[in-house]
Amino acid sequence: MGELIKNNSEILFIYDAKLTNPNGDPDDENRPRMDYETKTNLVSDVRLKRYVRDYLQEKGKEIFVAKVEGETVNATERLEKLLGKTSKNISKDDVPVLLEKLVDVRLFGATMPIKSEDGGSSLTFTGPVQFNWGYSLNKVELVESNTITSRFSSTSGNEQGTMGKDYRLYYSLIAFHGIVAAHRAKFTQLDMETLSLLDEALVKAIPLLATRSKIGQYPRLYLRVEYVDDTTYLGDFRSFLEVNPKEGLRDITDYSLEAGKLVDLLAENNPKITKILLYFDHNLKTTYHGEAKNFARLLAEKLGDSKVSILNY
């Protein structure tokens, strides 16, 4: 592992979902998670972290929250597999090896069945990287027709196929806010190389890991703002954004993202910022107080070219 991170960061990640189910709710027939009163689509932080974990595992990185040889195992079995020893021989002395191996623990933390110094049955690592739940910036609509059929019958001798439900949204522009807390890095050994892997995973994972219900999702904007110290935070960047229009959307061409308040916030706090890492899909139309502007060029203009690093994956 390399140099531990020393400065806080905040993250804005926006992706869209067209005719997909971004995050099914098992308590509601696997319908997309929703706040029905506001017509807002919800996506859990667990869903987002799963994308990151799966992407990093595909790249050959060791993941704690993962299947072993295609089979689901519990946390104790996972530790035994990683360390090559039985659970009764695993102790807190093994933690440095585990943190070096497990990229997702360095990022997101974990609870491990290892006896703690206070006599507890587990050790908990609070991850430096945390996301709250994502939500759509637009009002969404469920696809009206959701019944699907299969050519296979449900029972032997039944000549008819089975019928089921396939719930999807017409269009959702989903935004997440995240923080990277530098003061926690020393506990999970989060280094700059691992944080760069997170940048890459968030930009690349979703389209590459598409399933039948998830195909049609693409990253549109990723912003990681790194600050000069380990105390600065500016708050949830999503509250400084607005989609125009907000209803009746079916495609990325149907709206623009008003980012004037966010750009002004970053410009006003420029002395607190060391750099901004940016991925920006040029299909996403952005405006600055109503005037059409390229978001990447706008940031460079307001904060200086040296502050903005474009991520080209």
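This report looks at the aromatic rings in a predicted model.

## Ground rules

Local features here need pLDDT of at least 70, side-chain atom pairs count only at pLDDT 80 or more, and totals for chains, interfaces and linings use all residues. Residues are numbered from 1 along each chain as its sequence is written, and side-chain values use heavy atoms, with hydrogens and water left out.

## Rings that pair up

Searching the whole structure turns up six aromatic pairs. Rings of Phe, Tyr and Trp (its six-membered ring) pair if their centres lie within 6.5 Å; planes under 30 degrees apart count as stacked, over 60 as edge-to-face and the rest as tilted.

Strands (E, at least two residues) are DSSP runs, numbered from the N terminus. Both F13 and Y222 are buried, meaning under 20% relative accessible area (1.4 Å probe, protein chains only).

Next come Y15 and F176, a stacked pair at 6.5 Å centre to centre with 10° between the planes. Y15 is in strand β1 and F176 in strand β12 (residues 169–180), 161 residues apart. Y15 is buried at 0% relative accessible area, and F176 is buried with 0% too.

## One cluster

F13, Y15, F131, F176 and Y222 make up one aromatic cluster.

## Charges over rings

A charge sits over a ring if NZ of Lys or CZ of Arg is within 6 Å of the ring centre and within 35 degrees of the ring normal. R47 has its charged end over the ring of Y51, 3.9 Å from the centre. R250 does this with the ring of Y170, its charged end 3.9 Å from the centre.

Terms used. Buried < 20%, exposed > 50% of the residue type's maximum accessible area, 1.4 Å probe, protein only. Helix = DSSP H or I, 4+ residues; strand = E, 2+ residues; numbered from the N terminus.
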